[in-house]
Amino acid sequence: MLGLKKGTISFIERNEEWDNIAQREIEHLKVLFGPVAKDVQQIGSGAISNPSFRVKFMPILDIAVAVSSFDDVIDMEYKLKAHHIYHVYHKDDNEQLFFECRDMDAGVCTAHIYVVLETATDVIIFCNLKIIYLLIRTD
């Protein structure tokens, strides 16, 4: 199952369904953010679909949304909240705004959304990490 209850940490085997769930969530975010989103990508270890890369994962999607301005995102917080995407202010910094997708019925967080400026170093780092992960060979 995708998601963690607040305050818990768990690692599980990668579930092949995660790719489909991640793609649906990315498409949903593209619709919600509209032209504000310059790029939306799954990032982190959960983005690795190489079956020979055998590690356990936290059952939470990590997704980066690149934008031109944080102001545009702040203006749409009510819209995001209506879709169970909540701004977690204390995890913000000058480089990112942090959001969580929550499944209110199950009481779990299903995704971390990192909103970063399209010119920020974080976007480059996230994309480079994804490329490195995808290139890993464990044969």
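Tyr86 stands opposite Glu100 in S4. Two strands pair if DSSP finds at least two bridges between them, and S3 and S4 do so in the antiparallel sense, over three bridges. This is a predicted model, in which local features need pLDDT of at least 70, side-chain atom pairs count only at pLDDT 80 or more, and totals for chains, interfaces and linings use all residues. Residues are numbered from 1 along each chain as its sequence is written, and side-chain values use heavy atoms, leaving out hydrogens and water.

**The chain as a whole**

- You'll find four helices and five strands in the chain; helices (H or I, at least four residues) and strands (E, at least two) are DSSP runs, numbered from the N terminus.
- Reading from the N terminus, the order of elements is α-β-β-α-α-β-β-β-α.
- The chain has 139 residues, and 42% of them count as buried; that label means under 20% relative accessible area, with exposed over 50% and partly exposed in between (1.4 Å probe, protein chains only).
- Of the contacts in the chain with a separation of 6 or more, 61% come from residues 24 or more positions apart; a contact here means heavy atoms within 4.5 Å.
- About 8200 Å² of the chain is accessible surface, and carbon and sulfur atoms own 55% of that; the areas come from the Shrake-Rupley method with a 1.4 Å probe, and for residues only the protein chains shown count as cover.

**The sheet**

- The five strands make an open sheet with mixed pairing, in the order S1-S2-S5-S4-S3.
- S1 (37–42) and S3 sit at the edges with a single partner strand each, so one side of each has no neighbour in the sheet.
- From one strand to the next, the twist averages 25°; axes are lines fitted to C-alpha atoms, for helices over the stretch in contact, and angles run from 0 to 180 degrees between N-to-C directions.
- S2 (residues 61–67) and S5 (residues 108–117) pair in the parallel sense over seven bridges, and Leu61 has Ala111 as its bridge partner in S5.
- H1 (residues 17–33) packs on the sheet, where it touches S1, S2, S3, S4 (96–103) and S5, and its direction makes about 30° with that of S2.
- S4 and S5 run antiparallel and are joined by eight bridges.
- Those two strands form a hairpin with four residues between them, and Gly107 in the turn has a positive phi of about 70°.

**Around Tyr86**

- Tyr86 belongs to S3 (residues 85–87) and counts as buried because its relative accessibility is 15%.
- Neighbours within four places in sequence aside, Tyr86 is in contact with Lys81, Phe98, Phe99, Glu100, Arg102 and Met104.
- Phe98 lies twelve residues from Tyr86 in sequence and 8.5 Å away in space, C-alpha to C-alpha.
- The side chains of Tyr86 and His84 make a polar contact at 3.5 Å (a pair of N or O atoms within 3.5 Å; within protein, one must be able to donate a hydrogen and the other to accept it, and residues adjacent in sequence count only if both atoms are side-chain atoms).
- His84 itself is in the loop between H3 (77–81) and S3, and at 36% relative accessibility it counts as partly exposed.
- Phi of His84 is near 60°, a positive value in a residue other than glycine. Most residues other than glycine have a negative phi.

**Around Gln96**

- Gln96 is in S4, a mostly covered strand with six of its eight residues buried.
- Gln96 counts as buried because its relative accessibility is 11%.
- Over in S5, Val116 stands opposite Gln96.
- A polar atom of the Gln96 side chain lies 3.3 Å from the backbone oxygen of Lys91.
- Not counting residues up to four places away in sequence, Gln96 touches Phe70, Lys91, Tyr114, Val115 and Val116.

**Nonpolar cores**

- The largest nonpolar core has 26 residues, and the ones with the most contacts inside it are Leu29, Phe33, Val65, Val73, Phe99, Ile113 and Val115; such a core is a set of buried Ala, Val, Leu, Ile, Met, Phe, Trp, Tyr and Cys residues joined through side-chain atoms within 4.5 Å.
- H1, S1, S2, H2 (70–74), S4 and S5 each supply at least two residues of this core, and H1 gives the most, with six.
- Val73 is in contact with Phe33, Val36, Val67, Leu97, Phe99 and Val115, leaving aside its neighbours within four places in sequence.
- A second, separate core has five residues, including Ile43, Ala64, Phe98 and Tyr114.
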